[in-house]
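This briefing goes through one structure by topic. Look at the sequence and the model first, then read the points below.

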Amino acid sequence: MARNSTLAQKRRSTHPSQAVLGFFVIVLFVLFMIPFAMVVLNSAKTSKEIIYSAISMPSRWGQLLTNISLIFNNPTVDYLGAFWDSTVITVVSLIVIVLFSSMCAWVLVRNKSAWSTILFMVFVAAMVIPFQVLMYPLVRWMRVVGEFFHIRLLGTVPGIVFAYLGFGCPLSIFIFHGFIKNIPLELEESATIDGCSKGKTFFLIVFPLLQPIIVTVLILNGIWIWNDYLLPLLVLGSNGVVQTIPIAVTAFAGAYLKQWDLILTSTMIAMLPIIILYLFAQRYIIKGMVEGSIK
Amino acid sequence: MRRNRAVNILFTFPCVFAFTMIILIPFFYGLFYSMTDWNGVSNDIHFVGFGNFRYLFSSPDFLYSFLITIAYTAINIVFVNVVSFMLSLIVTSKIRFKNFYRAGFFIPYLIGGIVLGYIWQFIFNNALVAIGDSLSIQSLQVSFLSRPGTVIWIMSAVNTWQYAGYIMLIYVASIQSIPASLMEAAAVDGANYITRVLHILIPMMANAFTISLFLTLTTSFKQFDMNLTLTNGGPATRFLGTPVKASQLLAMNIFSTATANRMAEAQAKAVVLFIALVVVSLIQVSINKKKEVEM
């Protein structure tokens with residue numbers, strides 16, 4: 001009897017607080033999601049409707065498709081092209097960063113010399129340098145180098161991928177370095193004894209072992225490159241042949257000042273791919289973000 | 001052995017080369033340009049010593065940007081960390097759908113500063129004003145983005161929306177690494193929830209707090225994208241008797257100085273930003289060192 005009453009008491013004492021917490025969380029969550037709802041609601045309106053009221057429900061959801069097609073068929077900003085360029089730039093940069101950073105980090109860990117230590121320290125120290133110090137000298141330098149070798153670095157995909165390798169490799173090397181340090185050396189030694197060359201040892205033995213940390217490096221760099229604005233703006237230009245989505249969005253907002261129906265639809269289109277990717281790879285993305293920040 | 005050396009060089013070359021071309025050389029050029037009269041147009045560049053720096057600290061627009069960047073950073077540190085700590089407690093509690101909430105709170109981080117700046121500009125300039133109009137609430141009828149006194153706070157609120165979910169993940173990882181038996185034992189001993197959080201959770205999370213503190217600090221100090229598309233520096237206000245832009249943070253001040261072709265001056269401002277970040281990182285490193293000793 002006594003036991004029953006304490007149980008009942010316990011239930012009574014925790015239940016209301018849980019309910020309050022549950023309610024509080026729902027309110028907070030709705031507040032967090034309101035901006036997305038605003039985007040979707042107003043992407044389904046005409047400009048006039050938004051001016052009339054920015055918070056009403058759209059009168060006709062079909063307007064959403066009209067707005068989307070208006071954006072994809074827009075004469076001033078090539079949205080589909082920007083999508084394609086953003087995808088190519090992000091994917092190629094990620095491949096290059098993962099491959100070269102892991103190779104470099106492996107040598108820096110396994111080759112114990114003063115040079116390795118110094119090089120690693122330089123990479124780590126460089127992470128403090130803000131982009132603002134580099135951006136204008138970089139553009140000038142890329143122009144000078146390009147003119148000297150008769151290659152186009154500014155305004156091209158290879159040029160910006162090369163820049164992303166430079167900016168992305170210090171953090172990536174740092175993350176790979178920490179991971180490789182904990183891989184037992186015996187594996188590589190036995191491969192060498194079996195007659196595996198050094199290059200083969202890396203690609204056949206070490207690289208497959210890096211898989212979990214590669215996911216982290218991909219996610220950290222991927223979110224950054226996909227959303228990056230200043231570097232593409234400076235390297236590709238605001239109305240160059242090659243465009244990225246953030247540049248297309250600002251170009252669009254600049255050309256259609258205060259036409260919120262189109263601007264919001266364009267932001268919706270810009271957000272969709274990354275949110276869809278997140279829904280599928282959520283577990284990896286969360287894990288990658290946590291590991292990347294704690295290191 | 002010689003082949004090993006060749007592999008070492010081959011493996012490190014891509015990163016070292018990209019890093020040198022993209023970061024090292026532009027960095028030293030950047031330091032040099034900050035002491036010249038570079039205007040971005042003429043190739044005739046003269047060394048002027050520390051003149052640019054002397055000029056900076058007597059120019060009100062830079063001083064203003066520097067000061068509000070510090071204020072903005074301080075507000076962010078409090079906002080972001082309080083909100084994300086709260087969120088982390090919620091999504092590690094026993095409520096239902098906590099994984100769903102955790103995933104949802106993180107979404108804003110994925111959007112990117114450019115896109116979310118436009119979305120929130122719409123919310124503050126249109127949606128909130130519409131609510132104010134329809135409910136005749138006078139305080140909402142003037143956009144929050146056009147009030148010079150509070151615009152920094154609004155930017156911090158938006159920044160909190162963006163980063164809280166990310167910092168939350170760091171706190172969640174830290175909370176999950178604390179043995180559950182610790183909290184349970186305290187509960188058995190009669191410690192209530194708040195006491196347990198204050199006396200067990202928070203002290204055990206010291207490391208996560210340091211990480212989050214410096215992460216918020218450096219990202220706030222370098223804030224640019226959202227600043228550009230949310231307020232574009234506006235509205236106008238006065239500082240030391242000169243008109244300045246009320247929400248123009250340091251990174252944007254650098255950008256607009258360079259856009260006006262005052263490249264050397266922009267470069268000097270960037271060097272000041274760099275030095276500030278170096279000081280912050282040195283403090284962080286020394287704190288981490290101290291902790292290692294204590295461990």
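**The strand pair in chain B**

Strand S1 (residues 236-239) of chain B runs antiparallel to strand S2 (residues 242-245) of chain B, and 4 bridges join them. Strands pair here if DSSP finds at least two bridges between them. Helices (H or I, at least four residues) and strands (E, at least two) are DSSP runs, numbered from the N terminus. This is a predicted model: local features need pLDDT of at least 70, side-chain atom pairs count only at pLDDT 80 or more, and totals for chains, interfaces and linings use all residues. Residues are numbered from 1 along each chain as its sequence is written, while chains are lettered from A and ligands numbered from 1 in the order in which they are written.

- B:Thr237 has B:Val244 in S2(B) as its bridge partner.
- The hairpin of S1(B) and S2(B) has 2 residues between the strands, and B:Leu240 in this hairpin takes a positive phi near 50 degrees.

**Chain A overall**

- Chain A has 13 helices and 0 strands.
- The C-alpha trace of chain A spans about 80 × 70 × 35 Å along its principal axes.
- The radius of gyration of chain A is 26 Å, whereas a compact globule of 295 residues would have one near 19 Å. This radius is taken over C-alpha atoms, and the globule rule is 2.2 Å times the number of residues to the power 0.38.
- Of the 295 residues in chain A, 39% are buried. A residue is buried if 20 or more other C-beta atoms lie within 10 Å of its own, exposed if 12 or fewer, and partly exposed in between, with C-beta atoms placed from the backbone.
- In chain A, 71% of the contacts between residues at least 6 apart in sequence join residues at least 24 apart. Two residues are in contact if their C-beta atoms, placed from the backbone, lie within 7 Å.

**Domains of chain A**

- Chain A is assigned domain 1 (2-67) and domain 2 (79-294); such bounds come from an automatic or database domain assignment.
- The centres of domain 1 of chain A and domain 2 of chain A, taken over C-alpha atoms, are separated by 36 Å.
- Domain 1 of chain A puts 9 residues into the contact and domain 2 of chain A puts in 8 residues.
- On the side of domain 1 of chain A that touches domain 2 of chain A, helix H1 (2-43) and helix H2 (47-52) of chain A are the elements that give two or more residues. H1(A) gives the most to this side, with 4 residues.
- This side of domain 1 of chain A has 3 nonpolar, 5 polar and 1 charged residues. Ala, Val, Leu, Ile, Met, Phe, Trp, Tyr, Cys and Pro count as nonpolar, Asp, Glu, Lys and Arg as charged, and the others, Gly among them, as polar.

**Where the chains meet**

**The largest nonpolar core**

- The largest nonpolar core has 159 residues, and those that touch the most other members are A:Cys104, A:Ala248, B:Val115, B:Ala164, B:Met168 and B:Tyr171. A nonpolar core is a set of buried Ala, Val, Leu, Ile, Met, Phe, Trp, Tyr and Cys residues joined through C-beta atoms within 7 Å.
- At least three residues of this core come from each of domain 1 (2-67) and domain 2 (79-294) of chain A.
- Leaving out residues up to four places away in sequence, B:Tyr171 touches B:Ser84, B:Phe85, B:Ser88, B:Met205 and B:Ala208.

**Chain B and some of its residues**

- Chain B has 13 helices and 2 strands, and 42% of its 295 residues are buried.
- The C-alpha trace of chain B spans about 80 × 75 × 30 Å along its principal axes.
- Buried residues in helix H4 (residues 98-111) of chain B include B:Tyr101, B:Arg102 and B:Phe105. Just after H4(B), B:Gly112 takes a positive phi of about 95 degrees.
- B:Met155 lies in helix H7 (residues 151-177) of chain B, and B:Met155 counts as buried because it has 25 C-beta neighbours inside 10 Å.
- B:Met204 lies in helix H9 (residues 193-204) of chain B, and B:Met204 counts as partly exposed because it has 16 C-beta neighbours inside 10 Å.
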